[in-house]
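Student: I'm new to this one. Can you put it up and walk me through it?
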Amino acid sequence: MTLYEKYPVSLSNSLTSNKEVFVPTNPGHVGMYVCGPTVYNYVHLGNVRTFLTFDIVSRYFRHLGYKVRYVRNITDVGHLESDADEGEDKIAKKARLEQLEPMEIVQTYSNDFHEVLHQFNMLPPSIEPTATGHIVEQIEITKKLLNKGLAYEVNGSVYFDVTKYNESHHYGILSGRKIEELMESGRKLDSQDEKRNKVDFALWKKASPAHIMRWPSPWGEGFPGWHIECTVMSTKYLGETFDIHGGGMDLKFPHHECEIAQAVGANGKSPVKYWLHSNMLTVNGQKMSKSLGNSFLPSELFAGNHRLLERGYSPMTVRFFMLQSHYSSTLDFSNDALNAAEKGYKKLANSLSVVKKMDHTSGKVADQALAQALNQLVQDVYTAMSDDFNTAKAIAALFEMSARINSFKAGTIGIESVDSATFNRFKATYIAMMEDVLGLTEETEVNNNTLTKVMDVVIGLRKKVRADRNFALSDKIRDDLQAAGIQLKDGKDGEISYTIE
RNA sequence: GGUUCCGUGGCCGAGUGGCUAGGCUGAGCUCUGCAAAAGCUCCUACAGCGGUUCGAAUCCGCUCGGAACCUCCA
């Protein structure tokens, strides 16, 4: 029996607003597409939360034994500044402002994006396609939609005809919108507009003479619309219907709604079985966003040099902080919450290093209640993760496991009083959940061989001093090391361990 | 204005009909030469009002408060 059979995953499907049991299209395989960044600026912490959500999803599916193909794109052209007809491409605009090649902009912010995600210990996707690498496919699907009468060309631009589409399908199926209401609210169509209806959106835009990103097409030189690249790249690598499509809540409308319309229009079938949306990171109850000016750059958070921060916090602290809430809830960002997260993370990380060094010893005292409790915790942590990736609940179980690990170490409860299978399963689960699934590794691990040896010498000397009951000197050694960021811990058994801040 | 979501103990944050979530803070105890770490114990909440029910934080209604989307955003 595989792990995924033992702990079947259920997830909140935005398309149906229900929690559903996950049934993959191809048994044993998961195909997941996540909307990546538009690389025209530095990635901020709110963005990070979304990618972290799907990092967990892909990690957990893999841990359960699925083969996962995780596709996350990079949008490097075609994202308009606004839906208005005169809308400008974000990357082209930034390139013009900074007097750089658009591809220099793309490279700079792609590099930043990768570096930041790596700092947070996120695993790379299986495929990371770019919009500019799929211009041909985008032109092809646009032609297909024109042929089907679901798009129209005006002055070298092509628009998706939402009204026409809505005659035979439901535009708004994902976001719960009605086309009549969309037609009434918001910006009015003015005489400058090429669009037939305000709800229509661009599949291909004619490049103005000043526009620097341009490709030839049957409609003249231009560039693709924003929504079409995701439709093309997701279906190219995952098929016309695939398992999971993820992204931030704010992409639900219009981006994901448009993706559905394009895919259904072109291929005649619903592209995605399960839509997953992660919620927003907030600051003082308000959404973190660039336009509101309340966003944090990860580098500012690590260094603590942001006006709203009292000090810096490590990547693992932040990762843990985010995982303590459920991805579908908003999460509020504050110094107090980060302080609490830092302590909590250290507690779990400490138990991780402890349990790794722990081995089962056989004995005769059988404690059925304890064995049952340990098995229950193992089950709790899986049940929590399989329940819509409830990392908060899983972490609660890990804290209880952590308490058991510390009790084993302290000798309050004896390892030998449970059977080795139970202990080993318990140990393996704690390590796997921490490292493989939640991606919470030990930050203070000493990778420096020389330092390790030096510490062994210092500890050896201090043991001697303590044995001689020269506590003034032994305290000085400990205090001085602490000032240098190394915390010594004198164990009950005379052994001395240390952690590095 | 339309659509949707939320309001949980000092703080953060799970939980959707009956069973102590968990973390942080605070108080006390144990262990330790003293610390640190760790263990144990205590602080038992669900915005307000009404309803359904044997039983509601959880379902329904109303009121108050907050947020998101309907322009660009993960």
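Student: How many residue pairs are in polar contact between domain 1 and domain 2?
Tutor: The count is 17 residue pairs, both residues at pLDDT 80 or more. A polar contact is a pair of N or O atoms within 3.5 Å; within protein, one must be able to donate a hydrogen and the other to accept it, and residues adjacent in sequence count only if both atoms are side-chain atoms.
Student: Which elements give two or more residues to domain 1's side?
Tutor: They are β1 (10-13), α2 (45-63), α4 (102-119) and β10 (272-278). The largest share, 14 residues, comes from α2. Helices (H or I, at least four residues) and strands (E, at least two) are DSSP runs, numbered from the N terminus.
Student: Before I go on, what kind of model is this?
Tutor: This is a predicted model: local features need pLDDT of at least 70, side-chain atom pairs count only at pLDDT 80 or more, and totals for chains, interfaces and linings use all residues. Residues are numbered from 1 along each chain as its sequence is written, chains are lettered from A and ligands numbered from 1 in the order written, and side-chain values use heavy atoms, leaving out hydrogens and water.
Student: New topic. How many salt bridges cross that interface?
Tutor: Two, by the rule (a side-chain nitrogen of Lys or Arg within 4 Å of a carboxyl oxygen of Asp or Glu). D250 also pairs with K287 in a salt bridge, with the closest N and O atoms 3.4 Å apart.
Student: How far apart are the centres of domain 1 and domain 2?
Tutor: They are 34 Å apart, taken over C-alpha atoms. The domain bounds come from an automatic or database domain assignment.
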